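Here are my notes on the model you sent over. Have it open beside you as you read, and go through the points in order.

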Amino acid sequence: RPLEECVVGQATPAVLYSACSTLEATIKGTPAHAARPHLGVNALDAAVQAVNAVNAIHLSPGLNWSVKATRFLCDAGVTNSVPDEARVVWDLRSQENAPMEVLKEKVTQAIQHSVAALGATAQVVVLKEMPAAEIHDEATAVIRAAITEVLGAEGLLEAKTTPGSEDFFFYPVKRPHVKAGFWGLGTNLTPGLHHPDMRFDLNALEIGVNIFKSCVKRVLG
């Protein structure tokens, strides 16, 4: 089952979240009357060119990654004018941190070079980003033992990999000496994570507390 569908009575000792970066490009063209488009540079055309260029990016097929445009804003205010500005946002994902740096560079180059071919310019900024999971084997072993103690072997799931991101992992990135662990608890979550009608079983909270208590006893003992 996907992680968000784990049932009460199940838990995973490690959740391997992905790195996530959000890039925004402000694309500048030159305004013109729609009757004289040759006198301007259409920012909308340039933005479309940028989206297609980013879609043509390739990293190694052996890596888990994705990039997609998630916002496109362009409006000259009237329908008979060539727009001179467009804003496009891309969502980038990578299971590992190193490929994310390569992906950000490739996306930025694709945007800037593709719009330049039409005479436009692009300023690319990183709006936000989160690192991929850095989990310590020793911490995971403690969590695994705690889950088994509380839920039994039948409640222990395998480690889960997800393209989602989690800001917790700034801790091990900024403090690499910290033996970080991150686990997932089954809660009968429906219909899905971040859904406006999201519901979960509050009885799972007691299970989570008991697993945490077991972890603390193992670390301090």
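1. Let's start with one residue pair. Lysine 28 sits across from glutamate 85 of β7. Strands here are DSSP runs of E with at least two residues, helices are runs of H or I with at least four residues, and both are numbered from the N terminus. Two strands count as paired if DSSP finds at least two bridges between them. For β3 and β7 there are 10 bridges, and the two strands run antiparallel.

2. Before going on, a word on what you are looking at. This is a predicted model, where local features need pLDDT of at least 70 and side-chain atom pairs count only at pLDDT 80 or more, while totals for chains, interfaces and linings use all residues. Residues are numbered from 1 along each chain as its sequence is written, and side-chain values use heavy atoms, with hydrogens and water left out.

3. β7 also pairs with β5: eight bridges join them, again antiparallel. In that pairing, phenylalanine 72 stands opposite valine 88 of β7. How many of the 10 residues of β7 are buried? Seven are, so the strand is largely enclosed by the rest of the structure. (Buried means under 20% relative accessible area, exposed over 50%, and partly exposed in between, using a 1.4 Å probe and protein chains only.) As a reminder, side chains in a regular strand alternate between the two faces of the sheet.

4. Now the salt bridges, meaning a side-chain nitrogen of Lys or Arg within 4 Å of a carboxyl oxygen of Asp or Glu. Searching the whole structure turns up nine of them. One joins lysine 68 to aspartate 91, with the closest N and O atoms 3.0 Å apart. Lysine 68 belongs to strand β5 and aspartate 91 to strand β7, so this pair ties together parts 23 residues apart in sequence. Lysine 68 is partly exposed at 29% relative accessible area, whereas aspartate 91 is buried at 12%.

5. Helix α2 deserves a look of its own. The helix covers residues 97-116, 20 residues in total, and spans 29 Å from first C-alpha to last, close to the 28 Å expected at 1.5 Å a residue. (The expected span is 1.5 Å times one less than the number of residues.) Its buried residues include Pro99, Met100, Leu103, Lys104, Val107 and Ile111. Looking down the axis, the buried residues of α2 fall within an arc of 145°, so they line one face of the helix; the arc is taken from the directions from the helix axis to the C-beta atoms. Turned away from that buried side are the exposed residues Ala98 and His113.

6. What do the buried residues of α2 pack against? They meet β3 (19-28), α1 (43-55), β5 (65-73), β7 (85-94) and β8 (121-130). Contact here means heavy atoms within 4.5 Å.

7. Lysine 104 brings the last two topics together. Its salt bridge is with glutamate 129, and the closest N and O atoms are 2.7 Å apart. With lysine 104 in helix α2 and glutamate 129 in strand β8, the pair ties together parts that are 25 residues apart in sequence. Lysine 104 counts as buried at 12% relative accessibility, while glutamate 129 is partly exposed at 38%.

8. Another salt bridge links the side chains of arginine 218 and glutamate 149 (2.8 Å, N to O). Arginine 218 is in helix α5 (residues 204-220) and glutamate 149 in helix α3 (residues 137-151), so the pair ties together parts 69 residues apart in sequence. Arginine 218 is partly exposed at 39% relative accessible area, and glutamate 149 is exposed at 53%.

9. Back to the residues of point 1: salt bridges with shared partners join Glu24, Lys28, Glu85 and Arg87 into one network. Glutamate 24 lies in strand β3 and counts as buried at 15% relative accessibility. Beyond its neighbours within four places in sequence, glutamate 24 has contacts that include Arg87, Val88, Gln123 and Leu127.

10. Finally, the aromatics. The structure holds seven aromatic pairs, where rings of Phe, Tyr and Trp (its six-membered ring) pair if their centres lie within 6.5 Å; planes under 30 degrees apart count as stacked, over 60 as edge-to-face and the rest as tilted. In phenylalanine 168 and tyrosine 171, the ring centres are 5.6 Å apart and the planes at 55°, so the pair is tilted. Ring pairs link Tyr17, Phe168, Phe169, Tyr171 and Phe182 into a cluster.
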